[in-house]
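Open the structure in your viewer and keep the selection tool ready. The tour goes one stop at a time.

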Amino acid sequence: KSSAASDVYKRQAAMGLLGNGGMVTRGDIWFRGEDLPDLNEKDMRRIRGAGIGMIFQDAGASLCPIRTIGSQIYESMSAHGKLTKAEAKEKALMLFEKLHFQDSRRIWDSYPFELSGGMNQRAGIAIAMLMEPPVLLADEPTSALDPGSTMKVEELMSELKKNYTVVIVTHNMQQAARISDRTAFFLLGELVECGPTSEIFSTPKDKRTEDYISGRFG
């Protein structure tokens, strides 16, 4: 299942990227009975390992440019469990196959600047999926991509939601319509409305949602 939203601060605090709840000034973020902004760094590392996988907006910027994809994957996996490099590589190559990389071994040995934007984004998705978290949080996963790469990543997201809960944060309402089962529309941090995507787009209950979908928002 997947849903779409547009609250930049909540998505960063959910992963502990802002530290001590960051810019969340009210409300809670609950995951499996735990309020995430209240967790310490040790507990958040556990959440980031096998709880919620983060897919960043600009994969090229989130990857280290002077290290190979394989070395970054190994570091990510070893941070959350005891694995040899050979074990990490075997698991990663199997995951690359699922993500439709044509030459998985070349990807493992490549630097981010040697790959296209779409390939870097899929490498970022692979890193998010390495520890098999039940939830994937995708922050504007296609905004930095060309139309062809966008289509491939959207197809991948649609495939992933069969086995994961995928939360897509996007300002692109048409993308939400194509991918999501449920959509939550936020405006200035306020939840305007939430429901099945088909209903949100066919019969929005709030005029602000209707205006945004139709492009009249301003």
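How many aromatic pairs are there, counting rings whose centres lie within 6.5 Å? The count comes to two in this predicted model.

**Stop one: the stacked pair.** Select Tyr111 and Phe113. Their ring centres are 5.6 Å apart and their planes meet at 15°, so the pair is stacked. Tyr111 is partly exposed, at 30% relative accessible area. Phe113 is exposed, at 62%.

**Stop two: the tilted pair.** Now select Phe185 and Tyr212. Here the centres lie 5.2 Å apart, with 50° between the planes, and the pair is tilted. Distant parts of the chain are linked here: Phe185 belongs to strand E7 (residues 182–187), and Tyr212 to helix H11 (residues 207–214), 27 residues apart. Phe185 is buried, with a relative accessible area of 4%. Tyr212 is partly exposed, at 23%.

**Stop three: helix H5.** Select residues 85–98, the 14 residues of H5.

Next, colour Ala88, Ala92, Leu93, Leu95 and Phe96, the buried residues of H5. They cover an arc of only 165° around the axis, so they sit on the same side of H5. In an α-helix there are 3.6 residues a turn, so residues three or four places apart point the same way.

What do the buried residues of H5 pack against? Show helix H4 (69–78), helix H6 (104–109) and helix H7 (117–129): these are the partners.

Turn to the other side of H5. Ala86, Glu90, Met94 and Lys98 are exposed there.

Note on methods. Residues are numbered from 1 along each chain as its sequence is written. This is a predicted model: local features need pLDDT of at least 70, side-chain atom pairs count only at pLDDT 80 or more; totals for chains, interfaces and linings use all residues. Side-chain values use heavy atoms; hydrogens and water are left out. Rings of Phe, Tyr and Trp (its six-membered ring) pair if their centres lie within 6.5 Å; planes under 30 degrees apart count as stacked, over 60 as edge-to-face and the rest as tilted. Buried means under 20% relative accessible area, exposed over 50%, partly exposed in between (1.4 Å probe, protein chains only). Helices (H or I, at least four residues) and strands (E, at least two) are DSSP runs, numbered from the N terminus. The expected span of a helix is 1.5 Å times one less than its number of residues. The arc is that of the directions from the helix axis to the C-beta atoms. Contact means heavy atoms within 4.5 Å.
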